[in-house]
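Hi,

Here is the structure I promised to pass on. Have a look at it first, and then read my notes below.

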Amino acid sequence: MNKQGVVEKIEGNKVTIRVTRDSSCGENCAMCNACPGKNMLITLNTHIPLSVNDKVMIETNSKYVLTSAFMVYILPIILLIMGYATFTLYIGLIFMVSSF
């Protein structure tokens with residue numbers, strides 16, 4: 001995933017970059033309050049010589065994006081199913097023991 005940004009501030013090896021956020025809600029910005037055009041600041045460590053107002057391209061490994069999506073969307077469903085199965089098995093054992 002690539003993002004273009006502008007260098008805002010430089011402090012030693014730390015660089016603050018302003019990146020414009022893309023729409024993540026299917027253009028229905030009232031629902032998620034993450035409208036395009038809103039900026040976010042990212043602070044990175046770098047050894048690349050940069051100046052304020054330089055345009056930079058930030059590249060994120062897709063593995064991290066996919067891992068985050070898995071943890072946010074898929075993992076809760078898996079845990080819900082596991083919790084339901086565990087609870088059902090536990091309740092079944094209680095009724096089986098209490099019937100003796």
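Before we start, one term: two residues are in contact when they have heavy atoms within 4.5 Å of each other. Keep in mind that this is a predicted model, where local features need pLDDT of at least 70 and side-chain atom pairs count only at pLDDT 80 or more, while totals for chains, interfaces and linings use all residues. Residues are numbered from 1 along each chain as its sequence is written, and side-chain values use heavy atoms, with hydrogens and water left out.

**The overall layout**

The protein chain has two helices and four strands, and from the N terminus on its elements run β-β-α-β-β-α. Both kinds of element are DSSP runs numbered from the N terminus: helices (H or I) have at least four residues and strands (E) at least two. Among contacts between residues at least 6 apart in sequence, 51% join residues at least 24 apart.

Now the sheet. It is open, with four strands in the order E3-E2-E1-E4 and antiparallel pairing. E3 and E4 are the edge strands, as each pairs on one side only. From one strand to the next, the twist averages 45° (axes are lines fitted to C-alpha atoms, for helices over the stretch in contact, and angles run from 0 to 180 degrees between N-to-C directions). Two strands count as paired if DSSP finds at least two bridges between them; E1 (residues 2-11) and E4 run antiparallel and are joined by five. Asn2 stands opposite Glu59 in E4. As a reminder, strands of a sheet pair through backbone hydrogen bonds, either parallel or antiparallel.

**Inside or outside?**

Here, buried means under 20% relative accessible area, exposed means over 50%, and partly exposed is in between (1.4 Å probe, protein chains only). Of the 100 residues in the protein chain, 14% count as buried.

Thr16, in strand E2 (residues 14-20), is buried, with a relative accessible area of 11%. Which residues does Thr16 touch, leaving aside its neighbours within four places in sequence? They are Val6, Val7, Glu8, Lys9, Leu41, Ile42 and Thr43.

Asn53 is exposed at 57%. You'll find Asn53 in the loop between strand E3 (39-45) and strand E4 (55-59). Its phi is near 75°, a positive value in a residue other than glycine.

**Salt bridges**

How many salt bridges does the structure hold? There are two, each being a side-chain nitrogen of Lys or Arg within 4 Å of a carboxyl oxygen of Asp or Glu.

- The side chains of Glu8 and Arg18 meet at 2.7 Å, N to O. Glu8 lies in strand E1 and Arg18 in strand E2, so this pair ties together parts that are 10 residues apart in sequence. Glu8 is partly exposed at 33%, and Arg18 is partly exposed at 29%.
- Lys9 and Glu11 form a salt bridge at 3.8 Å, N to O. Lys9 is partly exposed at 42%, whereas Glu11 is exposed at 52%.

**A nonpolar patch**

Finally, take a look at Phe70, Met71, Val72, Tyr73, Ile74, Ile78, Leu79 and Met82, which make a nonpolar surface patch of about 810 Å². Patches are made of residues with over 30% relative accessible area and no salt bridge; like charges are joined within 9 Å, and nonpolar side chains (Val, Leu, Ile, Met, Phe, Trp, Tyr) within 5 Å. Areas come from the Shrake-Rupley method with a 1.4 Å probe, and for residues only the protein chains shown count as cover. Ile78 sits in helix H2 (residues 62-98) and is partly exposed at 35%.

Cheers
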